[in-house]
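Subject: Structure handover

Hello,

Here is the structure for your files. My notes on the findings follow below it.

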Amino acid sequence: MSRALDSLVRERYASAIAQGALLFTESTIQTRKERDVEFEIRFVPALAKKPSSKPKERMESKEFINPFLPFDKRLFVKSLGSSHNLLLNKYCVVPYHLLITTAEFRQQGEPLTQEDFSATLDVLNNTSSQHIVFYNSGEESGASQPHKHLQLLPMPEYIDAPPSVDLWLRDKPAPDTVHTSSSLPFAHFGVRFSNETLTPSMLINAYSTALGALTSKFGQDSSYNMVLTTSAIILFPRSWNSWHGIGVNSLGFAGLFLCKTRDELLLISQVGIFNILAQVGVTNN
Ligand code: AMP
């Protein structure tokens with residue numbers, strides 16, 4: 001079933017590309033199975049030219065211009081109430097990569113609020129494709145922009161759930177309480193939803209429960225990634241934003257790696273994705 005927002009997103013995406021406002025970068029896709037779950041590795045040589053920096057560094061630089069306030073109107077999809085905007089990601093490796101930005105400036109890394117989740121549900125409930133929602137919080141999370149934003153990516157059709165979430169769900173965790181799975185070799189704090197009909201209060205409660213557990217163990221300033229699906233929300237504390245030059249954000253924990261060179265591809269196949277995630281995350285002991 002196609003819903004109203006699907007066609008609006010497709011229309012805005014095509015028009016942004018035609019106007020040169022959205023830059024889609026081709027990639028070669030490989031899949032890699034580890035621990036019985038599948039990861040997607042995209043080889044994107046063009047990314048090698050793109051400088052990366054952390055949100056604070058970026059904001060403190062003299063050249064900083066906030067891309068989300070004001071945003072490029074050609075990337076605008078719609079307002080989500082008065083508090084948020086739905087934008088197209090300017091640099092797409094996966095088509096229809098969406099951003100939910102706060103209408104007023106808020107710092108990336110501030111805890112998510114019920115309004116952030118209402119805006120997210122406003123999008124999820126009006127699209128037909130399954131999405132992974134993610135939030136990169138803190139300097140080591142792999143975030144680059146300092147203005148608060150959540151991100152949505154259509155989930156590849158061949159997977160039911162992002163690999164870490166898939167493994168975690170196989171434990172059949174009790175709902176509404178933090179569950180840690182021995183299948184994942186890095187610290188994580190996940191809460192499964194008791195109901196398939198998601199509400200903003202359900203999401204903020206699950207997120208706050210997971211975040212409370214994470215900060216009580218690793219401190220208020222801990223960087224973390226959040227992956228949200230219709231079944232669960234999982235937070236992954238982070239110690240490093242990259243590994244041997246390979247940038248890792250929430251998408252790594254959600255199952256997608258971007259590689260800029262053949263050496264990086266080789267390194268991933270030699271070391272293994274779970275081992276890399278354990279190094280940029282926090283090990284369980
Ligand atoms: P993050 O790197 O996790 O902070 O996410 C920020 C996202 O914003 C990146 O995926 C960028 O591709 C995207 N981005 C950067 N500049 C713009 C822009 N001017 N308009 C829309 N998206 C942008």
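Contact means heavy atoms within 4.5 Å. Axes are lines fitted to C-alpha atoms, for helices over the stretch in contact, with angles from 0 to 180 degrees between N-to-C directions.

The model is predicted: local features need pLDDT of at least 70 and side-chain atom pairs count only at pLDDT 80 or more, while totals for chains, interfaces and linings use all residues. Residues are numbered from 1 along each chain as its sequence is written, and side-chain values use heavy atoms, with hydrogens and water left out.

Four bridges join strand 8 (residues 131-137) to strand 9 (residues 149-154) in the antiparallel sense, and His131 has Pro154 in strand 9 as its bridge partner.

A second open sheet has the order 2-3-16 and mixed pairing. Its twist averages 25° from one strand to the next. Strand 3 and strand 16 are parallel over four bridges; Leu258 in strand 16 is the bridge partner of Arg42. Helix 7 (residues 262-271) and helix 8 (residues 273-280) both lie across strand 2, strand 3 and strand 16. Helix 7 runs at about 140° to strand 16, and helix 8 at about 80° to strand 3.

Aromatic pairs

The whole structure holds nine aromatic pairs (ring centres of Phe, Tyr or the six-membered ring of Trp within 6.5 Å; planes under 30 degrees apart are stacked, over 60 edge-to-face, the rest tilted). One of them, Phe186 with Phe236, is edge-to-face, at 5.9 Å centre to centre and 65° between the planes. Phe186 lies in the loop between strand 10 and strand 11 and Phe236 in strand 13, so this pair ties together parts 50 residues apart in sequence.

Regards

Methods: Pairing = 2+ DSSP bridges. Helix = DSSP H or I, 4+ residues; strand = E, 2+ residues; numbered from the N terminus.
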